[in-house]
Amino acid sequence: MSALLEADALHLRFGAVRALDDVAVSIWPGEVVAIVGESGSGKSTLLRVLSGQVAPDAGGVRYAGAEVHALGEAQRRRLMCTDWGYVHQNARDGLRMGVSAGGNIGERLMAAGTRHYGAIRDAAAEWMVKVELDPARMDDRPGMFSGGMQQRLQIARCLVTQPKLVFMDEPTGGLDVSVQARLLDLLRRLVGELGLAAFFLTHDIAAARLLAHRILVMRHGRVVEEGLADRVLDDPRHPYTQLLVSSVLAA
Amino acid sequence: MIRRAILKALAIPGHQIPFGAREMPLPYGWGTGGIAVTAAILGPRDVLKVIDQGADDTTNAVSIRRFFARVAGIATTTRTAEASVIQTRHRIPERPLQEGQVMVFQVPMPEPLFRLEPRLAETRRLHALGDYALAQLRLYEDIAQQGEAGSAYNHPVMVAGRYLMSPSPIPGFDNPKLHMSPAIMLFGAGREKKIYAVPPWTEVRSLDFDDHPFAPVHAAQGCAFCGSTASYKDEIVADDAGGRVFVCSDTDACREGQE
């Protein structure tokens with residue numbers, strides 16, 4: 001078995017700031033990789049480079065044998081609406097607020113070429129059930145949903161085309177803890193059921209333990225520690241990781 | 001320059017070609033795009049017909065016809081059968097068009113993704129990528145909320161399976177007439193400075209879903225003058241009691257029907 005997505009020697013500078021400094025990442029089918037680090041550590045930049053939205057100064061990203069940054073825009077968009085999904089931290093960035101929940105889920109299907117109204121409705125209803133939303137609210141706009149529901153709707157919108165790889169940029173950020181817990185449960189179930197590979201960005205190391213198989217710790221644009229989730233969390237080696245693990249609040 | 005834009009438009013069916021709009025003897029919105037195209041294609045033997053919402057006798061139709069009779073010295077007509085060039089606002093004549101005839105549409109807004117995507121640079125990119133999920137999404141929303149397509153006029157069409165095109169604000173009733181038409185269809189947008197075209201015998205499909213096929217609205221009654229049930233009708237309030245009659249929108253077809 002080979003890696004689904006592989007990146008090596010990624011460098012990217014924003015002026016004097018080294019946003020990415022010799023970063024190498026890979027992900028295998030069905031694997032959840034958490035990228036943890038404080039704000040400004042370069043984890044969001046890394047996600048944008050991996051998903052082809054920002055080109056690195058040096059280094060390459062390979063997906064299924066193709067160099068992601070060498071693809072034409074049409075191919076990259078195609079990849080984005082079939083093989084990949086991107087979950088934004090703020091659901092409003094990933095949803096069309098002026099379009100009903102069903103339309104939001106159906107858009108990716110239509111972009112992928114579905115032209116059957118009934119089939120789109122059925123898929124939307126099915127996915128609303130999967131993310132624990134009431135399918136009777138399919139024609140409501142996302143603005144009428146709570147924050148947690150919007151986030152679940154965004155996840156349904158991403159997963160409806162059955163992607164192989166999902167990029168999640170702090171999907172639980174900005175939600176209160178009970179809603180976070182429910183969302184994490186849901187994500188864990190979906191990832192297991194669908195055999196998804198996922199990059200999961202978070203500054204919440206407890207969430208990483210719940211979901212991730214492997215953890216990358218980033219600081220100042222470098223990967224300072226990498227390993228199996230339990231190993232990194234129970235036996236952190238880098239001083240920064242030790243700091244992160246020890247600063248988790250226990251209730 | 002406008003002729004070159006027209007040739008290019010015919011070569012790439014449904015694709016919008018920019019052109020440098022000239023000064024026109026009337027304001028934008030009154031048919032400047034149509035007049036620019038008509039002026040570019042008229043020859044000495046052409047016979048021009050101008051219609052406004054199907055009627056030959058409205059102010060704009062009369063003025064534009066008179067303008068070209070005076071500056072180009074060409075013959076004009078109100079009969080569809082006799083015309084070689086037909087400039088139109090918002091209708092396609094009922095009488096089937098023939099090979100050799102040219103339709104010139106006055107277009108207020110050439111961009112079919114207008115109101116769906118506010119950035120013009122982005123709409124150009126979407127056209128280049130052939131990504132029309134937004135238009136399909138609008139249609140989905142209309143059907144989900146109203147049970148049918150929301151656009152009774154200016155319903156977008158796919159031209160030759162490639163470009164999404166605004167048919168100009170013709171009623172959905174006229175959309176099927178664009179499909180495999182023997183006539184040349186030219187579209188001129190003066191304010192937006194775009195020309196696009198549908199060459200003869202080109203596939204033009206109204207945007208729809210497989211299980212919700214495009215279905216234009218037909219009037220409930222026949223025409224009060226000619227009795228036609230097949231034509232597109234205007235609904236007119238006929239008296240102070242709120243009584244309504246339906247009459248043909250195409251005055252020439254109605255005249256033929258009455259004879």
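Reader: Which elements do the buried residues of α10(A) pack against?

Author: They pack against β3 (32-36), α8 (205-211), β9 (214-219), β10 (222-228) and α9 (229-234) of chain A. Packing is judged by contact, meaning heavy atoms within 4.5 Å, and the elements are DSSP runs numbered from the N terminus (helices H or I, at least four residues; strands E, at least two). This is a predicted model, where local features need pLDDT of at least 70, side-chain atom pairs count only at pLDDT 80 or more, and totals for chains, interfaces and linings use all residues. Side-chain values use heavy atoms, without hydrogens or water, residues are numbered from 1 along each chain as its sequence is written, and chains are lettered from A and ligands numbered from 1 in the order written.

Reader: Which residues of α10(A) are buried, and why do they line one face?

Author: Tyr240(A), Thr241(A) and Leu244(A) are the buried ones in this helix, residues 239-246. Down the axis of α10(A) they fall within an arc of 100°, so they line one face; the arc is taken over directions from the helix axis to the C-beta atoms. In general, an α-helix has 3.6 residues a turn, so residues three or four places apart point the same way. On the face turned away from the buried side sit Pro239(A), Leu243(A) and Ser246(A), which are exposed.

Reader: What is the phi of Glu170(A)?

Author: Near 45°, a positive value in a residue other than glycine. Most residues other than glycine have a negative phi. Glu170(A) lies in the loop between β7 (165-169) and α7 (177-194) of chain A, and is buried at 9%. In chain B, Asn154(B) has a positive phi too, about 55°, and is not a glycine either. Asn154(B) is partly exposed at 26%.

Reader: What makes Arg77(A) and Asp131(B) a salt bridge?

Author: Their closest N and O atoms are 3.5 Å apart. The rule asks for a side-chain nitrogen of Lys or Arg within 4 Å of a carboxyl oxygen of Asp or Glu, so the pair passes. Asp131(B) is in the loop between α4 (120-129) and α5 of chain B and Arg77(A) in helix α2 of chain A, so the pair joins two chains. Arg77(A) also bridges to Glu122(B), at 3.9 Å. Within chain A, Arg62(A) and Glu67(A) meet at 4.0 Å, N to O.

Reader: How many salt bridges cross the interface of chain A and chain B?

Author: Three, and 39 are found over all chains.

Reader: How much area is buried between chain A and chain B?

Author: About 1700 Å², with carbon and sulfur atoms giving 60%. Buried area is the accessible area (1.4 Å probe) that two parts lose on being put together, summed over both. Arg77(A), Arg115(A) and Tyr117(A) supply 40% of what chain A buries against chain B, more than any other three residues. In contact terms, 21 residues of chain A meet 19 residues of chain B.

Terms used. Buried means under 20% relative accessible area, exposed over 50%, partly exposed in between (1.4 Å probe, protein chains only).
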